[in-house]
Amino acid sequence: MVKYQYHLSYDFTVYTVKHTEVLRPIIPVELQYKENDPIEFTMLIDSGADFSLISQDVAASLGISTKRYPDDTIQGVTGDTSTFTEKIMIRFGMGHKYEFKKEIPIQITKIRGYPFIPALGRDPIFKEFDIHFRMGLPIKERKFVLSKLF
């Protein structure tokens with residue numbers, strides 16, 4: 001039986017796309033690069049993304065120089081994208097009983113505004129948490145839950 005340290009529960013963000021309700025697991029986070037001030041963002045919990053990903057605009061707001069040459073290429077549903085990687089402190093769970101804070105590698109695209117919503121990919125978040133998408137429940141009970149593994 002799996003035991004957890006704590007659970008963080010969030011409501012889905014609801015979008016309507018072509019007259020269809022879409023539930024997105026978006027959480028508020030703080031990102032901090034080195035000793036710069038932390039900045040609040042929202043990030044999509046993206047089970048289809050191997051790695052976490054932010055745009056060069058978000059990187060620049062964190063104080064990261066985006067003039068670097070890409071050192072990697074990632075592949076996604078929209079094709080190949082040139083990236084470079086930085087370790088960035090992430091914090092979420094603010095306002096809950098527990099908070100998560102850890103420095104994680106994040107891929108930074110060389111494209112302004114892409115991705116539109118910064119993404120928290122499987123590595124390393126899905127190694128730290130069991131994530132439950134409770135979408136099939138009645139509307140008031142639809143949540144996504146991050147359960148912190150020991």
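Begin by selecting His-19, which lies in the loop between E2 and E3, where strands are DSSP runs of E with at least two residues and helices are DSSP runs of H or I with at least four, both numbered from the N terminus. This is a predicted model, in which local features need pLDDT of at least 70 and side-chain atom pairs count only at pLDDT 80 or more, while totals for chains, interfaces and linings use all residues. Residues are numbered from 1 along each chain as its sequence is written, and side-chain values use heavy atoms, with hydrogens and water left out.

The phi angle of His-19 is near 65°, a positive value in a residue other than glycine. His-19 counts as exposed at 82% relative accessibility, given that buried means under 20% relative accessible area, exposed over 50% and partly exposed in between, with a 1.4 Å probe and protein chains only. As background, most residues other than glycine have a negative phi, and most peptide bonds are trans.

**The aromatic cluster**

Now select Tyr-6, Phe-92, Tyr-98, Phe-100 and Phe-129, which ring pairs link into a cluster. The structure holds seven aromatic pairs; rings of Phe, Tyr and Trp (its six-membered ring) pair if their centres lie within 6.5 Å, and planes under 30 degrees apart count as stacked, over 60 as edge-to-face and the rest as tilted. The rings of Tyr-6 and Phe-129 have centres 6.3 Å apart and planes at 75°, so this pair is edge-to-face. Because Tyr-6 belongs to strand E1 (residues 4-11) and Phe-129 to strand E11 (residues 129-134), the pair ties together parts that are 123 residues apart in sequence. Tyr-6 and Phe-129 are both buried.

Keep Phe-129 displayed and turn to Phe-100, with which Phe-129 forms an edge-to-face pair, 5.1 Å centre to centre and with 70° between the planes. Phe-100 lies in strand E9 (residues 100-109) and Phe-129 in strand E11, so this pair ties together parts that are 29 residues apart in sequence. Phe-100 is buried, as is Phe-129.

Next, bring in Lys-148, whose charged end sits over the ring of Phe-129, 5.8 Å from its centre; the criterion is that NZ of Lys or CZ of Arg is within 6 Å of the ring centre and within 35 degrees of the ring normal. For another example, select Arg-24, whose charged end sits over the ring of Tyr-15, 4.3 Å from its centre.

Move to Tyr-114, found in the loop between E9 and strand E10 (119-120). Tyr-114 has 28% relative accessibility and therefore counts as partly exposed. A cis peptide bond joins Tyr-114 and Pro-115, with omega about 0°. Leaving out residues up to four places away in sequence, Tyr-114 touches Ile-54, Ser-55, Thr-78, Thr-81 and Thr-109, where contact means heavy atoms within 4.5 Å.

Which residues lie nearest the centre of the largest pocket? They are Asp-46, Ala-49, Leu-53, Gly-76 and Tyr-114, out of a lining of 21 residues. A pocket, on a 1 Å grid over the protein atoms alone, is an open set of points where a 1.4 Å probe fits, with protein on both sides within 12 Å along at least five of seven lines, and lining residues have an atom within 4 Å of a point. Strand E6 (52-54), strand E7 (72-76) and strand E8 (79-92) are the elements that give two or more residues to this lining, and the largest share, three residues, comes from E7.

**Two last stops**

Select Lys-87 in strand E8, which is exposed, with a relative accessible area of 52%. Apart from neighbours within four places in sequence, Lys-87 is in contact with Tyr-33, Glu-103, Ile-104 and Pro-105.

Finish at Pro-124, found in helix H2 (residues 122-128), where the peptide bond from Asp-123 to Pro-124 is cis, with omega near 10°.
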